[in-house]
Amino acid sequence: MRRKIVAGNWKMNGSTDLVQQLMGALRESLGSLQQGPDVVVFPPALFVCDVLNRSGDALAVGVQNISQWAEGAYTGELSAGMACDVGCGYALVGHSERRQYFGETDEVIAEKVRRALDAGLTAMLCVGETLGERESGAAESVVAGQLRQGLAQVGADEWSRIVIAYEPVWAIGTGKTASASDAQAMHAGIRRVLAELNAPATELSVLYGGSVKADNAAALFAEP
């Protein structure tokens, strides 16, 4: 059965004071829900353990990035095994900022997906097109290529630990948001590609990310 997931990426923001304030508010809000979606937060790596200590049972925690290597002499890197060892359940992979600012290729991203699965994490693979790609009519082909390459190493019995996050680059941090119908159309295309990859396309969770706020979340969730 398809899980509904709400995930929050803190990016390079935060402090110990913010962790205390935000985690308290989150736990209080989640405690009032009788039945709701899975909720995941992705804090900066330095705050992961503090967040885990405050998360309780209703909240999952992930890391914003993992290394393409399992271990070794890679100063500054964070392995998927380390993330799993401290209690994380998720890893973001292929976020547009990693692709844009750090030069991550689809081949590197595929390796990171593989490392996440090997360690026992759920890989949340981010895909999305730029404004130029959308305006040229290439949005669906761009996203399809990111999916096919990023998921190339996923085994037939591992799809339950894959989540796709569609995040159009032009809507991240810009105040622009894809309409609910735009997001629905791309999600449908994503599921078609997943089916071509022999994944359980109707069961996998596909998220939308990009300037999601309280006043547009309900409309996005309402789409099939």
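**Close-up 1. Lys11 in its loop.** Lys11 is partly exposed, with a relative accessible area of 25%. The model shown here and in the other views is predicted. Lys11 sits in the loop that runs between β1 (5-9) and α1 (16-31). Its phi is near 55°, a positive value in a residue other than glycine. Most residues other than glycine have a negative phi.

**Close-up 2. Ser211, a loop residue with positive phi.** Ser211 is not a glycine, yet its phi is positive, about 55°. The residue lies in the loop between β7 and α9 (214-222).

**Close-up 3. Ser205 and its surroundings.** Ser205 belongs to the loop between α8 (180-196) and β7 (206-208). Its relative accessible area is 4%, so Ser205 is buried. A polar atom of the Ser205 side chain lies 2.6 Å from the backbone oxygen of Arg3. Beyond residues up to four places away in sequence, Ser205 touches Arg2, Arg3, Ile5, Val163 and Ile164.

**Close-up 4. Strand β4 and its two partners.** In strand β4 (residues 90-93), Tyr90 and Leu92 point one way, and Ala91 and Val93 point the other way. All four are buried. In a regular strand the side chains alternate between the two faces of the sheet. Strand β3 (residues 60-63) runs parallel to β4, joined by two bridges. Here Gly62 stands opposite Tyr90. From β3 the chain passes through helix α3 (residues 80-86) to β4, a right-handed β-α-β crossover. β4 also pairs with strand β5 (residues 122-127), again in the parallel sense, over four bridges. Ala123 of β5 is the bridge partner of Ala91.

Close-up 5. Helix α5 covers residues 106-119, 14 residues in total. At 1.5 Å a residue, α5 should span 20 Å. Its end C-alpha atoms are 20 Å apart, so the span agrees with expectation. Ten of the 14 residues of α5 are buried. They are Asp106, Val108, Ile109, Ala110, Lys112, Val113, Arg114, Arg115, Ala116 and Leu117. Gly120 follows α5, and its phi is positive, near 95°.

**Close-up 6. Phe42 and Tyr90, an edge-to-face pair.** The model holds three aromatic pairs, and this view and the next show two of them. The ring centres of Phe42 and Tyr90 are 6.4 Å apart. Their planes meet at 80°, so the pair is edge-to-face. The two residues are 48 residues apart, and the pair links distant parts of the chain. Phe42 lies in strand β2 (residues 38-42), Tyr90 in strand β4. Both Phe42 and Tyr90 are buried.

**Close-up 7. Trp69 and Tyr74, a stacked pair.** Trp69 and Tyr74 form a stacked aromatic pair. The distance is 4.1 Å centre to centre, with 5° between the planes. Trp69 counts as partly exposed, at 35% relative accessibility. Tyr74 is partly exposed too, at 34%.

Methods: Residues numbered from 1 in each chain as written. Predicted model: local features only at pLDDT ≥ 70, side-chain atom pairs only at ≥ 80, totals over all residues. Heavy atoms only, no water. Buried < 20%, exposed > 50% of the residue type's maximum accessible area, 1.4 Å probe, protein only. Polar contact = N/O pair within 3.5 Å; in protein donor to acceptor, adjacent residues only side chain to side chain. Contact = heavy atoms within 4.5 Å. Pairing = 2+ DSSP bridges. Right-handed = clockwise from strand over helix to strand, strands pointing away. Expected span 1.5 Å × (residues − 1). Phe/Tyr/Trp six-rings, centres within 6.5 Å; stacked < 30°, edge-to-face > 60°.
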